[in-house]
Amino acid sequence: MNARRELQALLADELARPLDARVAAFAAALAQRSTATQAILFYGSALRDADLDGLLDFYVVADPLSGWHDSQAAALANAVLPVSVSYVEMTIDDRRLRAKIAVLSPAQLRRGMREGAIDTTMWARFSQPAACAWARDAATRERVVADLSQAVVTAARWAALLGPASGAAGDYWQALYQHTYAVELRVERGGTRAKSLLAFDGARYARLLPLAWQAGAVAYSEAAGLYQPTLDAALRRAAQRAWWLRRAAGKPLNLARLAKAAFTFDNGADYLAWKIERHSGYKLELSDWQRRHPVLAAPKVLWRLWRRGVLR
């Protein structure tokens, strides 16, 4: 078995992990909302911690996108600037569950996994643990496995380019996620967040790194648990320039998505306030005017969060 197939086999097992029956029922109910639904991916802290009190995170892969949107305009907005986000509540087995639903097409998912993607959000997210909570058929599940395998390969290649000259596997993933979280507009500190990811399942990341390097044609040596990618100085300098472009684009892309969500995300302002308080402990009080006009209110609110050190 070559490295790519071995990597896909590991991720296929990971994506097929058993889920809480209520999470599986939530995903199945989402799938029935449209015949366009191809797959539903479950990820994030609720997956890692098995915590149903917080917000469940689902990605819905749908084709055509118009099948998951109330209007052609909403579908067009998602085509121009993926992804579209909504908030859904369901009561399952007498328990109220809340979820954030992101919708994208199979082509958008595949493009988001590429090393050349300017937007780092997709491949960084899906290099982390995920589960395929629902799939239309076996062929769809295989495509999802291939796409998420590419996310891990892309992440591992960037980890080699941005990480230390030599180090343990965890050192490379730590460096990578510090870089990717710094690109995004987030309320968590990148270093703290990266450490928490590795603390959850460090053995997973250690197992994936050499396989992903082999699958991604990254030459390296290993001795006594320490890895050293074979990269010349010119390649590292080129990677730093390429990453600068991604960092420059990252926060504007996040802000653009927030602005788009203000028009398409029911109760979006309250959701964002809840998210900020959950991750940072800072309670963001919003006026009725700010709830009604989130785009106009955004600059002042973001400035307040920045000054208080909530946004990093």
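Colleague: Which residues does S34 touch, leaving out those up to four places away in sequence?
Modeller: S34 touches G67 and W68. Keep in mind that this is a predicted model.

Colleague: Where does S34 lie?
Modeller: S34 is in the loop that runs between helix 2 (21-31) and strand 1 (37-43).

Colleague: And is S34 buried or exposed?
Modeller: S34 counts as buried, because its relative accessibility is 10% and the cut-off for buried is under 20%.

Colleague: Which backbone nitrogen lies 3.0 Å from a polar atom of the S34 side chain?
Modeller: That would be the backbone nitrogen of A36.

Colleague: Thanks! Switching to helix 7, how far apart are its end C-alpha atoms?
Modeller: They are 36 Å apart. Helix 7 covers residues 138-162, and its 25 residues at 1.5 Å a residue should span 36 Å, so the two values agree.

Colleague: What goes on at the start of helix 7?
Modeller: There, D137 has a side-chain oxygen that comes within 3.3 Å of the backbone nitrogen of A139.

Colleague: Now the whole chain. How many helices and strands are there?
Modeller: The chain has 13 helices and 7 strands. Of its 312 residues, 49% are buried.

Colleague: What about the accessible surface?
Modeller: The total is about 14,800 Å², with 54% of that belonging to carbon and sulfur atoms.

Colleague: Last one: what share of the contacts between residues at least 6 apart in sequence join residues at least 24 apart?
Modeller: For this chain, the share is 70%.

How values were computed
Residues numbered from 1 in each chain as written. Predicted model: local features only at pLDDT ≥ 70, side-chain atom pairs only at ≥ 80, totals over all residues. Heavy atoms only, no water. Helix = DSSP H or I, 4+ residues; strand = E, 2+ residues; numbered from the N terminus. Buried < 20%, exposed > 50% of the residue type's maximum accessible area, 1.4 Å probe, protein only. Contact = heavy atoms within 4.5 Å. Areas by Shrake-Rupley, 256 points an atom, 1.4 Å probe, with all protein chains shown as cover. Expected span 1.5 Å × (residues − 1). Polar contact = N/O pair within 3.5 Å; in protein donor to acceptor, adjacent residues only side chain to side chain.
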